[in-house]
Amino acid sequence: MLPCNRVLLDSTKSINSEDHCGSRGMTSFMSQSGINQLNNFIFVLAVMQIVYSVVTMALGRAKMKRWKRWEDETKTIEYMAANDPNRFRFTRETTFGRRHMNKFTNTSSLLWIKCFLRQFFHSVAKTDYLTLRHGFITAHLPSTNALNFQKYIERSLEDDFKVVVGISPFMWLIVVIFLLVDVHGWNIYLWVSFLPLITVLVIGTKLETIVAQMALQLENQENVIIGSPLVQPNDSLFWFNQPQFVLTLLHYTLFINAFELAFFIWVTWQFGISSCYHEHVEIIVVRVVLALMVQVLCSYITLPLYALVTQMGSHFKSALLEEHITQAIKHWHTEVKRKKKNKLQGLESSVATTQITSPEIKLSASAHEIQEISEESPKVNIVHQNESQIGVD
């Protein structure tokens with residue numbers, strides 16, 4: 001189960017008899033040297049996860065800068081004239097139709113092959129952005145067309161970044177498994193380095209397929225359309241009817257990729273470039289090249305596709321509301337809960353006081369004081385009975 005075929009003499013250290021366990025005649029489960037190595041590895045992995053996430057988001061948003069020009073174009077007279085709601089057109093003659101409706105979409109296998117190749121060349125076209133924007137606004141905000149869809153996507157990505165940058169307990173379990181199966185001769189890290197690449201390519205193909213399927217659904221519904229092509233957002237287009245599952249896959253892909261590079265840096269830092277971990281230089285080169293390739297693909301292809309296509313679910317995200325509106329709603333909700341809790345506590349204290357005293361309370365206050373008590377405790381019904389007694393219901 002050793003990761004190397006030889007043991008470095010300088011890395012083997014005797015057990016320190018002066019440590020806590022040695023002084024009691026026992027052996028430590030993990031030596032001090034092992035604990036230091038583990039701390040260094042956790043630090044490097046955490047740093048690489050943050051760096052990978054930040055670089056991916058930064059490069060992806062740089063790629064999406066042109067979306068701002070497309071968004072500004074929706075406010076021009078030329079755009080409104082081209083998308084006149086009274087204009088009749090054949091579905092296949094629209095720009096969106098010509099892009100997605102052709103002989104390569106006749107079968108599912110041809111569709112996937114076409115979408116696999118398309119992600120490398122002009123993965124998000126202007127007509128895709130404008131058509132999906134129109135479908136989103138019509139489905140969720142039919143009474144207005146003033147939504148800045150590009151700003152909404154940016155806020156949505158900011159929320160997703162908070163998820164991607166973290167490391168869950170299950171991810172740490174994956175790290176432990178990888179370390180355990182790192183046996184000499186298995187070259188496990190070489191095969192693991194292909195997982196992020198395969199996952200990114202599959203995700204990109206799936207997202208391209210979703211856009212093509214919405215176009216084909218549009219063609220099946222009607223051959224002639226009025227105005228702009230109107231796609232129908234639906235969760236059924238995504239894996240397991242969960243658009244959020246795509247983010248989970250991206251999260252684990254970035255983490256495994258960060259683990260690959262972090263492990264290389266940690267081994268070089270801890271044991272040196274000439275250690276037995278680096279006995280096969282060609283494997284190291286392949287792993288580093290694959291890690292960089294995944295970084296580029298995920299930033300410039302997969303992330304922009306994810307940001308746009310995952311908005312086509314049945315429900316919109318909380319980022320649709322402006323930040324200050326969201327904060328105001330959260331503050332209002334907190335205040336309502338606090339007031340409700342205070343009222344319940346006041347009612348409980350009133351009931352407890354009533355149970356301790358006699359069920360009948362002698363009249364020892366004026367009518368004005370009784371009225372004040374009734375106003376302060378609206379949940380207690382005070383009923384005047386005969387003469388000088390008050391019954392508490």
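**Contacts, burial and cavities in a predicted model**

Reader: Leaving aside neighbours within four places in sequence, which residues is F259 in contact with?
Author: In this predicted model, F259 has its place in helix α11. Contact here means heavy atoms within 4.5 Å. With neighbours within four places in sequence left out, the residues in contact with F259 are F41, L45, V175, F178 and Y189.

Reader: Is F259 buried or exposed?
Author: The relative accessible area of F259 is 1%. Buried means under 20%. F259 therefore counts as buried.

Reader: What distance separates the C-alpha atoms of F259 and Q49?
Author: Along the chain, F259 and Q49 are 210 residues apart. F259 belongs to helix α11, while α1 covers 32–63.

Reader: Which residues does A262 contact, leaving aside neighbours within four places in sequence?
Author: A262 also lies in helix α11. Its relative accessible area is 0%, so A262 is buried. Once neighbours within four places in sequence are set aside, A262 is in contact with V44, L45 and M48.

Reader: How far apart in space are A262 and V47, C-alpha to C-alpha?
Author: A262 is in helix α11. In sequence, A262 and V47 are 215 residues apart. From C-alpha to C-alpha, their separation in space is 8.4 Å.

Reader: How far apart in space are I174 and I256, C-alpha to C-alpha?
Author: I174 has its place in helix α8, residues 169–180. I174 counts as buried, because its relative accessibility is 15% and the cut-off for buried is under 20%. I174 and I256 are 82 residues apart in sequence. Between their C-alpha atoms the distance is 8.9 Å.

Reader: What is the volume of the largest cavity?
Author: Searching the whole structure for cavities of 30 Å³ or more gives 3. For the largest cavity, the volume is about 70 Å³.

Reader: Which elements give two or more residues to the lining of the largest cavity?
Author: The lining consists of S53, T56, M57, D160, V164, L247, L250, L254, C298, L303 and Y306. The elements that give two or more of these residues are α1 (32–63), α7 (149–164), α11 (244–271) and α12 (281–309).

Reader: How many residues of the lining of the largest cavity are charged?
Author: Members of the lining include S53, D160 and Y306. In the division by residue type, 8 are nonpolar and 2 are polar. Asp is among the types that count as charged. The number of charged residues in the lining is 1.

Reader: How many disulfides does a search of the whole structure find?
Author: C115 counts as buried because its relative accessibility is 3%. A disulfide would need a pair of cysteine sulfur atoms within 2.5 Å. The number of disulfides found in the whole structure is 0.

Reader: What is the phi of H122?
Author: Most residues other than glycine have a negative phi. H122 is placed in the loop between α5 (108–118) and α6 (126–140). At 47% relative accessibility, H122 counts as partly exposed. H122 is not a glycine, yet its phi is positive, at about 60°.

Reader: Is F240 buried or exposed?
Author: F240 is found in the loop between β2 (224–226) and α11. Its phi is positive, near 55°, although F240 is a residue other than glycine. The relative accessible area of F240 is 65%, and the cut-off for exposed is over 50%. F240 is therefore exposed.

Reader: What distance separates the C-alpha atoms of N83 and S228?
Author: N83 has its place in the loop between α3 and β1 (88–90). At 22% relative accessibility, N83 counts as partly exposed. N83 and S228 are 145 residues apart along the chain. Their C-alpha atoms are separated by 5.3 Å.

Reader: Which residues does T74 touch, not counting residues up to four places away in sequence?
Author: T74 lies in the loop between α2 (66–73) and α3 (77–82). Its relative accessible area is 5%, so T74 is buried. Not counting residues up to four places away in sequence, T74 touches Y79, M80, L130 and R133.

Reader: What share of the contacts in the chain with a separation of 6 or more comes from residues 24 or more positions apart?
Author: The chain contains 14 helices and 5 strands. Of its 393 residues, 38% are buried. Among contacts with a separation of 6 or more, residues 24 or more positions apart account for 80%.

How values were computed. Residues are numbered from 1 along each chain as its sequence is written. This is a predicted model: local features need pLDDT of at least 70, side-chain atom pairs count only at pLDDT 80 or more; totals for chains, interfaces and linings use all residues. Side-chain values use heavy atoms; hydrogens and water are left out. On a 1 Å grid over the protein atoms alone, a cavity is a set of points where a 1.4 Å probe fits but cannot get out, and a pocket is an open set with protein on both sides within 12 Å along at least five of seven lines; lining residues have an atom within 4 Å of a point. Grid points are joined across faces, edges and corners, and a volume is the space filled by probe spheres set on the points. Helices (H or I, at least four residues) and strands (E, at least two) are DSSP runs, numbered from the N terminus. Buried means under 20% relative accessible area, exposed over 50%, partly exposed in between (1.4 Å probe, protein chains only).
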